[in-house]
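Okay, thanks for having me, everyone.

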Amino acid sequence: MAITVTQLNAFLAVVRGGSVTKAADELIVTQPSVSSAIAALSRELGCELFERAGRGIRLTEAGREFAPYAADVIGLLERGTQAARESSAVTARRLRIAAVTTAAESFVPPLMRQFSEEHPEIDLTLVVGNRQQVLDQVLDHTVDVAISGKPPADERLVAEPLIENEIACITAPDDPTGGARAVQSSELAGRAWLLREPGSGTRTLNEQFLTDRGLEPRTLTLGSNGAIKQAARAGLGISLLSRAAVAAELEMGLLGEISLRDGPPIRPWFALRSAVGPVRPAVAQFEQFLARVNQLAR
């Protein structure tokens, strides 16, 4: 089998862009060269990877099955290149971290600072996204480590628990439901609920909470934790957010908190990395650092 890197890159570019035209623009090549690479890859595999869908194309079942393996190959080659350069001192040692918005806005920057003070030779970068974006980056090998909430059951991921992620139900500071008296979630049936965008772990948490308790409230979708906090503060609705993301506002009285008798359980944050391929020294050092921090936090 003579599958080439060019063929895999062309295939993945079409997957990302949804068309040969967008793939050609991304790779800065001609459309015929992308089509030729896809055709050659299909011949090597003995199956069609794309099929027509109206005026566009979409993955076949074979293409969907092949895509994660193609991403692994390209990602591992990039990681191998980086490892080779690091070992020969051609480039500085690098650690790429992705974190969901809530973690990135609270405890991840202090962790990065502490790690950087212990390992100044390692160049750190942080990418922020919602849960789905972060998971995709780990699986595509575009980042080395990710900090997220509960990970999916996926044999391609290694997940280690970190510090606890306590959840708070936030509301306006003058909300009479807030305060010391704990309430049952059923008492909030008539309240509007503030949700993050699709793909966010915070949105999934809220939706699961509502579904498990048979609640079907009016909802308002907002694109960030900051927007949700401002909307709650203005009395537009209530929401479940990580306490790490709202601790300062609660302490200053800018937000109120509703104490729930049947609130969501405390779950840990997780550090994730790909289970595919060897672990670079910088990644191993960061994992050891996180394990030590986690032990001290207990």
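Let's start at S274, which is found in strand β12, residues 267–274. Strands here are DSSP runs of E with at least two residues, helices are runs of H or I with at least four, and both are numbered from the N terminus. Before I go on: this is a predicted model, where local features need pLDDT of at least 70 and side-chain atom pairs count only at pLDDT 80 or more, while totals for chains, interfaces and linings use all residues. Residues are numbered from 1 along each chain as its sequence is written, and side-chain values use heavy atoms, with hydrogens and water left out.

So, is S274 buried or exposed? It's buried, with a relative accessible area of 6%. Buried means under 20%, exposed means over 50%, and partly exposed is in between, using a 1.4 Å probe and protein chains only. The S274 side chain reaches the backbone nitrogen of V276 at 3.0 Å. Leaving aside residues up to four places away in sequence, S274 also touches R79, V138, H141 and R156; contact means heavy atoms within 4.5 Å.

Now the aromatics. How many aromatic pairs does a search of the whole structure find? The search gives 7. Rings of Phe, Tyr and Trp (its six-membered ring) pair if their centres lie within 6.5 Å; planes under 30 degrees apart are stacked, over 60 edge-to-face, and the rest tilted. Take F115 and F286: their ring centres are 5.0 Å apart and their planes sit at 85°, so this pair is edge-to-face. F115 lies in helix α6 (residues 108–118) and F286 in helix α11 (residues 281–297), so the pair ties together parts 171 residues apart in sequence. Both F115 and F286 are buried. Elsewhere on the list, ring pairs link F11, F50 and F66 into a cluster.

F286 turns up again in the largest nonpolar core, which has 34 residues; L95, A103, I147, F286 and L290 have the most contacts inside it. A nonpolar core is a set of buried Ala, Val, Leu, Ile, Met, Phe, Trp, Tyr and Cys residues joined through side-chain atoms within 4.5 Å. Helix α11 gives the most to this core, with 6 residues. L290 touches L111, I147, L162 and A271, again not counting residues up to four places away in sequence. There's a second, separate core of 20 residues, including L12, V14, A24 and V34.

Last, cysteines. C47 is partly exposed at 28% relative accessible area, while C169 is buried at 3%. The whole-structure search finds 0 disulfides, meaning pairs of cysteine sulfur atoms within 2.5 Å.

Methods: A polar contact is a pair of N or O atoms within 3.5 Å; within protein, one must be able to donate a hydrogen and the other to accept it, and residues adjacent in sequence count only if both atoms are side-chain atoms.
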